[in-house]
Amino acid sequence: MRSLFSLLFTFFILSTTAQEVTIYQNEEGESHLAGKFPVEYLQQDSTYRQWFNKNYAEFTVEKGNDKWKKALKNTQVDIYLGTWCGDSQKWVPSFLKLWDELGLDRKQLSFTALYDGEEKYKQGPNEEEKGKKIHRVPTFIFNNNGEEYARIVETPRNDLKTDLAQIALGYPSEPSYRAATYLLDLFEENSMTDIYKDANTHLNEVYHLVGKSGELHTLGRVLMSSNRVDQGLLVLQFNAIINPYTPSVLNRYGNALAENGQKETAISTFEKVLQIEPENDNALAQLKKLKEN
């Protein structure tokens, strides 16, 4: 697998905004944006404009009493996305279309693209996402006077206009992925020592909040790739406990354990995978490697 940092970065100037744009190639050889950029780049560049302009044009905004939009006049929305991400390709142009139709100022919006790939997964080139609790893209963070007061994570909870109206009126829907939010808040407010002291309570809370296994799978991957190893391992362990018969979940946890030098626990985890799926390629390869060393 090629290292992200071995790839050549190129820089472009968008003539209409004179803002520098960073483009990188991912492991599949696809060109994507990284870091802050003007949204007009997506509308104009041949790599992105097909999906951006199509989804912008196809999104329809129902007419109605939109007086609530006045409450957004002083709001800054920080939008984190991946140009490689299908949800970003759908919802970022849709959000911009709604914003434009409401007559709100594009200057209130900022756009930051994050990497794909294992090494810098959902991170920006200058750690633009750091401290923002980004684990899914797109994420729309609504700020007033520098303070976050609402966010939309990945997809709207209702429909996009309803979610935006609720935010404007001060009654935002709770964002999706409640278990991931719970854990990120937990990590921010507590030491790992204290968290482990009450691990069963936290596991029980996560169990009742979590949706599909992919919620914790993705969060664990984000944490591991940003060198928050202890937090990532705990998330992946919780996922393995909650989904003990899902090979992909156990494999992800086993891989993380092996990378962190926890050989015996990794072996045990991969053996569980083979009990469920005896021909699992990853588990077989990892066990062979671990037992040879």
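Arg151 is buried, its relative accessible area being 13%, where buried means under 20% relative accessible area, exposed over 50% and partly exposed in between (1.4 Å probe, protein chains only). The structure is a predicted model, in which local features need pLDDT of at least 70 and side-chain atom pairs count only at pLDDT 80 or more, while totals for chains, interfaces and linings use all residues. Residues are numbered from 1 along each chain as its sequence is written, and side-chain values use heavy atoms, with hydrogens and water left out.

**Salt bridges**

Arg151 forms a salt bridge with Glu148, and their closest N and O atoms are 2.8 Å apart. A salt bridge is here a side-chain nitrogen of Lys or Arg within 4 Å of a carboxyl oxygen of Asp or Glu. Glu148 counts as partly exposed because its relative accessibility is 41%. Elsewhere, salt bridges that share partners join Glu40, Asp100 and Arg106 into one network. Side chains of opposite charge can pair when their charged atoms come close.

The structure holds twelve salt bridges. One of them is between the side chains of Lys63 and Glu101, at 3.5 Å from N to O. This pair links distant parts of the chain, 38 residues apart: Lys63 lies in the loop between α2 (49-58) and β4 (75-81), and Glu101 in helix α3 (residues 86-101). Helices (H or I, at least four residues) and strands (E, at least two) are DSSP runs, numbered from the N terminus. Lys63 counts as exposed because its relative accessibility is 69%, whereas Glu101, at 40%, counts as partly exposed.

The side chains of Arg136 and Glu154 also meet in a salt bridge, at 3.4 Å from N to O. Here too the pair links distant parts of the chain, 18 residues apart: Arg136 is in the loop between β5 (109-113) and β6 (139-144), and Glu154 is in the loop between β7 (147-153) and α4 (160-168). Both Arg136 and Glu154 are buried.

**The cavity**

A search of the whole structure finds one cavity of 30 Å³ or more. On a 1 Å grid over the protein atoms alone, a cavity is a set of points where a 1.4 Å probe fits but cannot get out; a pocket is an open set with protein on both sides within 12 Å along at least five of seven lines; and lining residues have an atom within 4 Å of a point. Grid points are joined across faces, edges and corners, and a volume is the space filled by probe spheres set on the points.

The largest cavity has a volume of about 70 Å³. It is lined by 14 residues, of which Arg151, Ile152, Arg157, Asp163 and Ser173 are the closest to its centre. The elements that give two or more residues to the lining of the largest cavity are β7 and α4, and β7 gives the most, with four residues. By class, this lining has seven nonpolar, three polar and four charged residues. Ala, Val, Leu, Ile, Met, Phe, Trp, Tyr, Cys and Pro count as nonpolar, Asp, Glu, Lys and Arg as charged, and the others, Gly among them, as polar.

**The pockets**

| Pocket | Volume | Lining residues | Nearest the centre |
|---|---|---|---|
| Largest pocket | about 440 Å³ | 21 residues | Glu129, Lys130, Gly131, Ser226, Arg228 |
| Second largest pocket | about 310 Å³ | 15 residues | Glu118, Met224, Ser225, Arg252, Glu259 |

In the largest pocket, the elements that give two or more residues to the lining are α5 (178-189) and α8 (213-225). The largest share, four residues, comes from α8. This lining divides into five nonpolar, six polar and ten charged residues.

For the second largest pocket, α8, α9 (229-242) and α10 (247-259) each supply at least two lining residues. Its lining has four nonpolar, six polar and five charged residues.

**The chain as a whole**

The protein chain has twelve helices and seven strands. Its radius of gyration is 21 Å, close to the 19 Å that the globule rule gives for 293 residues, so the chain is as compact as a globular protein of that length. The radius is taken over C-alpha atoms, and the globule rule is 2.2 Å times the number of residues to the power 0.38. Along its principal axes the C-alpha trace spans about 60 × 45 × 30 Å.

Of the 293 residues, 49% count as buried. Among contacts (heavy atoms within 4.5 Å) with a separation of 6 or more, 57% are between residues 24 or more positions apart.
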